[in-house]
Amino acid sequence: MIPILLGGLVVFNIYVWKEWQTKQRGRFVVNAIVALITILALAIIILEPTKEVEINDSQALVLTDNFDEAAKDSLLNHYKGIKVLDYNPKKSIRKELDSLTSVIVLGDGVEPYDFYLFDSIPTTYFPNAAPTGVSQLNYTEQLVLGNELKISGSYSNPIKKSFLVLQDSRNNGLDSIQFVADKIADFNLSTRPKVTGTYVYQLAIKDSTGVILETNPLPIEILKKEPLRVLILNTFPTFETKYLKNFLAESGHEVIVRSQLTKGKYKFEYFNTPTQPVYQFTDAVLQNFDIIIVDAETYVSLGKSTKSRFEKSVAESGLGLFIQPSDFLFDNRSSDAYFKFKRDRISTVPLPEFAAETEKYPYQFDEQLLVEPIRLGGASNLAVYRQMDNGKIATATLLNSYQLLLNGKSEVYRGIWTTILDKIAKKKRQVVSWEANTKIPRIDEPFHFEVRTNIAEFRVVNEDSISVSLFQKALLPSHYSGTVHPKKTGWNTLQVENDSTSFLYYVYDNKDWSALTSTANLAANKKQFAKETQKNRTVVVDRPISLLAFYILFLLGVGWLWLSPKLSAEG
């Protein structure tokens, strides 16, 4: 605007000077006014001014993956003049959404990380039907050598008599099931890896003749098994402890069991470790163990200073503390209790990943800050842990889990306790710990992760040595979160600069696990947009004003300025 107005002012001054130099000045004032009006009209034509206009009828149809063409045509016929936007998670549509009064989303839905774009826009969601393929999947991406790899989930709309096959990285079949119907089918597959390393297994679909119809990758990191040093403290011997210590000993762990006989007198048992009685809980003694398992009565009876040493060892050295559940634990309502419970009157809970169920106390955990669930066989409210700096304090609502052994379900028992102990055990020689928060990373899409370390100053870099921005958590100064956008499929790495250990994560191709991704997006979009229909919002937009009057003024002005000298000459 300023250059145009200054230019107009210069032209006007030149015209006034030129007009003043002529001998005939009879129309000088009139001509100057006409020239000013003409130049202003030309400036306005060049600037193309706008005015704010309120609209409430600008709608758009947002097309997402796998949208139904028939549904699209129906909506276009019903809403005449509706705009059509093609949603691409890698390209922002924020600018287009700003001028809309309402939106209809069709297809699998928008990615959850783009939900914020629709916060202020009335949005209606028309979901797709359930896709064909794996709609639910559960498996452990990191596995200790010797443990069983279990893959479970659900498959929607399978081809009758087709096969679901678990294959190793060389496409050798390890386990399989055949679908006997074309309805949703639950599946459980398993194998026991024999070599450490990083591998990409496959979950393949084959027809009845063995032809592969589809494959999806299963990235697995198999870690070397390291024995844990475990201390079990009991006020008196229990069946739970009896079977648990035997399981730990058979798994190769070093176990010391201390059971109280009378006041000041204890019975000790040793498995895979030299005789070394434990009477005092000094810092040096506690640092010798990776996990301490203690019943609630014993732990509560410890003195305040002893419990403080336990907590210090958990926080500083990463000790894992598991409090065995009992009625005493659930009745304890002290202010310094680590966990809160509420009665639910449920005595058994299914473990879908193991196709089994287990007994539990009639309680469930209340939601608390810093308390996270431990998934046991697909159940998320049977065990939890409280993060305490470098270590964890955990407990469970499990009741008489040894009954699983007596009922011949040793694999279920093994799976439950292996999961709990692996989750809370002290991380050996691990200065930095990592955790992935994005289930299926893809190229150019955000991959969210967390890193925990007590290093005061450090820098995280990707495999191209590019620095990654981190956000420190206010309540947990040793916890950081970050986001990267991977550029290649397959195994990618993150690491702390100048540290030898790396964090591996697998980036999937866009076609991998399409049904699983669609199912997750459908559920997330249904939840996000499950609101009552809202009225269209009013949007203020800038609309250009009509320039016809200014064109007429400009033409009349130019015509007068051309004609005026001739009229003066004739006069």
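Me: Where does E48 lie?
Reply: E48 lies in the loop between α2 (28-47) and β1 (50-55); helices (H or I, at least four residues) and strands (E, at least two) are DSSP runs, numbered from the N terminus. The model is predicted, so local features need pLDDT of at least 70 and side-chain atom pairs count only at pLDDT 80 or more, while totals for chains, interfaces and linings use all residues. Residues are numbered from 1 along each chain as its sequence is written, and side-chain values use heavy atoms, with hydrogens and water left out.
Me: What is phi of E48 near?
Reply: Phi of E48 is near 50°, a positive value in a residue other than glycine.
Me: E48, buried or exposed?
Reply: E48 counts as exposed, at 53% relative accessibility (buried is under 20% relative accessible area, exposed over 50%, partly exposed in between, with a 1.4 Å probe and protein chains only).
Me: And L370, what about its phi?
Reply: L370 has a positive phi of about 75° and is not a glycine. L370 is in the loop between β22 (363-365) and β23 (371-376), and counts as partly exposed at 28% relative accessibility.
Me: Switching to helices. At what angle do α5 and α11 pack?
Reply: About 80°, with the axes of α5 (residues 239-250) and α11 (residues 410-424) 11 Å apart. Axes are lines fitted to C-alpha atoms, for helices over the stretch in contact, and angles run from 0 to 180 degrees between N-to-C directions. That makes α5 roughly perpendicular to α11 (under 35 degrees is roughly parallel, over 145 roughly antiparallel, 65 to 115 roughly perpendicular, the rest oblique).
Me: Which residues make the contact?
Reply: E240, Y243, L244, F247 and L248 of α5, with Y413, R414, W417, T418 and L421 of α11; contact means heavy atoms within 4.5 Å.
Me: OK, N492. Where is its place, and is N492 buried or exposed?
Reply: N492 is in strand β32 (residues 490-496) and is buried, with a relative accessible area of 0%.
Me: What does N492 touch?
Reply: Leaving out residues up to four places away in sequence, N492 touches E463, P486, F503, L504, Y505 and V507. A polar atom of the N492 side chain also lies 3.0 Å from the backbone oxygen of G490.
Me: Last one: what is the order of the open sheet of five strands?
Reply: The order is β7-β13-β12-β9-β10, with mixed pairing. Two strands pair if DSSP finds at least two bridges between them. The edge strands, β7 (142-144) and β10 (173-178), each pair on one side only.

Note on methods
Polar contact = N/O pair within 3.5 Å; in protein donor to acceptor, adjacent residues only side chain to side chain.
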